[in-house]
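Here is a short tour for a first-time reader. Keep the model in view while you read.

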Amino acid sequence: MTGYGDAHLHADGVSVSVEIRSVNNRYFKLTVRGNELFSGIESQIEALTRKHINRGTITINLRVKSDATADKYRIDTNVLQSYVQQIHQLGSQIGISETPHWDSVLQLPGVVQENTDNDDEQFNAWPVIEKTIQTALKKFDSMRQHEGETTTVDLRENLATIAKYLEQIEAKSPNVVAGYRDRMTERVNKVLEEFDVTIDPATLLREVAIFTDRVNISEEVVRLKSHLQQFETFLTQQESTGRKLDFLTQELFRETNTIGSKANDAEIAKAVVEMKTAIEKIREQVQNIE
């Protein structure tokens with residue numbers, strides 16, 4: 001399900017900024033972007049994220065910055081001496097004898113270096129990072145909750161559309177066989193009159209019986225009703241049901257498609273088209289559900 005959440009926290013000498021985005025995906029896929037220094041805690045971030053999100057392509061942007069303190073930096077004297085010597089040599093060559101300003105020299109690359117220990121840095125910063133991610137995930141959940149309510153309303157409207165046309169199909173289906181029997185009788189009688197021949201009534205009944213069996217959609221109708229009831233049940237459950245709804249959507253389409261191929265009736269065919277349209281809308285929405 002799509003969602004967004006962010007959080008910022010400064011504590012224990014660490015500033016953390018987290019931004020979480022998610023787009024639809026049938027599976028769980030996490031990407032963590034941020035300081036390379038903290039790449040070693042991705043497994044902890046994933047474990048924390050999976051407690052809230054089961055499906056989706058999730059991107060977490062993580063920014064961690066430690067407060068500057070004197071003991072975190074050191075001056076590389078070898079690099080500094082090399083710079084000073086080069087400056088003096090260049091000054092002698094071009095006739096400049098001024099002493100270089102220290103504030104300028106200290107800003108040269110490599111003169112001031114940061115004392116870092118990745119493991120210690122990650123260990124010390126993790127409590128703040130964890131708390132910030134949890135705050136962002138709460139915002140993320142709140143946004144998804146609102147979207148989920150809207151999605152549920154839309155799903156129920158499409159389910160109602162399917163149920164309405166299914167009711168029409170169920171009422172129409174007995175007339176399909178009767179209509180076929182009448183049309184066949186009329187055609188047979190016309191042929192009999194034209195060619196002056198007779199036909200065994202049992203033969204006609206047998207053909208009608210074969211057609212009746214071929215166009216019988218009662219089983220498909222019963223299964224569709226069951227799937228619609230199951231779908232509604234899953235919508236009221238609190239746990240993750242996305243995969244179940246995805247499966248049910250496939251079954252709804254399969255049964256509806258079978259009805260369309262068996263019914264052999266124009267009105268039923270129109271109803272099937274409307275049902276397929278509603279199922280396709282459901283299929284798109286189900287991708288948003290965990």
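The report below covers a hairpin, a helix and the nonpolar cores. The model is predicted.

**The hairpin.** Strands β1 and β2 run antiparallel and are joined by 9 bridges. The hairpin has 2 residues between its strands. Asp12, in the turn, has a positive phi of about 50°.

| Strand | Residues |
|---|---|
| β1 | residues 3-11 |
| β2 | residues 14-23 |

**Helix α6.** This helix holds 18 residues, 218-235. At 1.5 Å a residue it should span 26 Å, and its end C-alpha atoms are 26 Å apart, which agrees. Its buried residues are Glu220, Val221, Leu224, His227, Leu228, Phe231, Phe234 and Leu235. Seen down the axis of α6, the buried residues fall within an arc of 150°, so they line one face of the helix. An α-helix has 3.6 residues a turn, so residues three or four places apart point the same way. The face of α6 turned away from the buried side carries exposed Glu219, Val222 and Gln229.

**The cores.** Which residues touch the most other members of the largest nonpolar core? They are Ile169, Phe231 and Ile259, in a core of 28 residues. The elements giving two or more residues to this core are α4 (118-195), α6, α7 (242-263) and α8 (266-286). Helix α8 gives the most, with 8 residues. Leaving aside residues up to four places away in sequence, Ile169 touches Ile217, Ile259, Ile268, Ala271, Val272 and Met275. A second, separate core has 24 residues, including Ala7, Ile45, Ile58 and Leu62.

Note on methods:
Residues numbered from 1 in each chain as written. Predicted model: local features only at pLDDT ≥ 70, side-chain atom pairs only at ≥ 80, totals over all residues. Heavy atoms only, no water. Helix = DSSP H or I, 4+ residues; strand = E, 2+ residues; numbered from the N terminus. Expected span 1.5 Å × (residues − 1). Buried < 20%, exposed > 50% of the residue type's maximum accessible area, 1.4 Å probe, protein only. Arc of directions from axis to C-beta. Core = buried A, V, L, I, M, F, W, Y, C linked by side-chain atoms within 4.5 Å. Contact = heavy atoms within 4.5 Å. Pairing = 2+ DSSP bridges.
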